[in-house]
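Subject: Structure handover

Dear colleague,

Here is the structure I promised to pass on to you. Please open it alongside this message, and read the notes below it with the structure in view.

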Amino acid sequence: MLAKTILAFTVVGTLLSATASFAAEPPRSGHVYRVGWLSGGAGERPWDADMLKAFRSGMADLGWDGRSTELVERWANARPERLPGLAAELVALNVDVIVAIGDASVLAAMRATRQIPIVSPFSDDPVGAKLVTSLARPGGNVTGLSYMGPEIYAKELSLLKEAMPGLRKLGVVINSANPSADGIIGALRNTSGTLGIELKIVDAYPLDSLDLRINEMTGAGVQAITGFVLQSPFKDRLIRFGTANRIPIAGYTNGLPGLLSLEVDELQMARRSARYVDKILRGANPGELPVEQPTKFLLFINLTTAKAYGITIPQSLLLRADNIIQ
């Protein structure tokens, strides 16, 4: 059963819409605008390719096509140390705006330029990570959309505890290159302390030795694993490891065999980020475009995974689910 839910997005102080009134000028006739795409992922992987496709679709909906814009792609291929150099390349190419996927990419772009506007479709905690001054008035050259990451990840942990009342040890794979990582870890530790859960935290980087670190978590007796990383290679590793070792994975449930997760429609967020690019190319100041946040998160529960691991999801939790996969 898949429930259909319309996701709403809002900003502090106003609502961003296709007809929102900003002090903007029409694009120059015949001019080709260059849009940089900076991602820690890999363009050939499904999740990354889908995000780029959604963004292109959003731009096309607003009238931007290959005759008016050129998309300049830079991919770090799960090597965050490459992001500063790739950001510098985009700056040297004098792109008109940079779309940065993930907070690590945003930070790399910020360090490379304070003049070129930067749009983030997926920021975990833009204020806590000091990417913007405030959600209502970002103040610098960065704006876009935010997950409200720390609060949502803490809530997801509480839901996991409801699904697994006997949960005492949880493995957490974190992306230390993400400037929001400290805020996420802090929120998880606060919540885990009240729930009586011990956390075993490991870094996702470097990717080459991730399997070894996950094995160490297993040796420490973790009963479930969750991960807060965007790039597809990490998701794939976690899911494969959990399946092979019969350890349930929280998160990444939509389209993947995780146990449960709180999610937003990432494709919709990528598509909506095109609105920011559109406004900026028409003359809007990114520092005056409020950061947009989802007002609705979907609770996914995968009953197939639960049954495979002998987990009985409480009826009270099933009744709150937006999507039940079975």
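**The nonpolar cores**

In the largest nonpolar core, which has 63 residues, the members that touch the most others are Val 277, Ile 301 and Ile 313. Helix α8 (residues 266-281) contributes the most to this core, namely seven residues. Another core lies apart from it and has 23 residues, including Leu 86, Leu 90, Val 106 and Met 110. A nonpolar core here is a set of buried Ala, Val, Leu, Ile, Met, Phe, Trp, Tyr and Cys residues joined through side-chain atoms within 4.5 Å; buried stands for under 20% relative accessible area, exposed for over 50%, and partly exposed for what falls in between, with a 1.4 Å probe and protein chains only. Helices (H or I, at least four residues) and strands (E, at least two) are DSSP runs, numbered from the N terminus.

Please keep in mind that this is a predicted model, in which local features need pLDDT of at least 70 and side-chain atom pairs count only at pLDDT 80 or more, while totals for chains, interfaces and linings use all residues. Residues are numbered from 1 along each chain as its sequence is written, and side-chain values use heavy atoms, with hydrogens and water left out.

Once neighbours within four places in sequence are set aside, Val 277 is in contact (heavy atoms within 4.5 Å) with Val 35, Phe 55, Met 59, Val 97, Val 99 and Val 119.

**Aromatic pairs**

There are five aromatic pairs in the structure, where rings of Phe, Tyr and Trp (its six-membered ring) pair if their centres lie within 6.5 Å, and planes under 30 degrees apart count as stacked, over 60 as edge-to-face and the rest as tilted. The rings of Trp 37 and Trp 75 have centres 6.4 Å apart and planes at 50°, so this pair is tilted. It links distant parts of the chain, with Trp 37 in strand β2 (residues 33-39) and Trp 75 in strand β3, 38 residues apart. Trp 37 is buried at a relative accessible area of 1%, and Trp 75 is buried at 13%. Ring pairs also link Trp 37, Phe 55 and Trp 75 into a cluster.

**Glu 70**

Glu 70 lies in strand β3 (residues 69-75) and, with 36% relative accessibility, counts as partly exposed. Not counting residues up to four places away in sequence, Glu 70 touches Val 32, Tyr 33, Arg 34 and Val 35. The side chains of Glu 70 and Arg 34 are joined by a polar contact of 3.3 Å, a term for a pair of N or O atoms within 3.5 Å of which, within protein, one must be able to donate a hydrogen and the other to accept it, while residues adjacent in sequence count only if both atoms are side-chain atoms.

With best wishes
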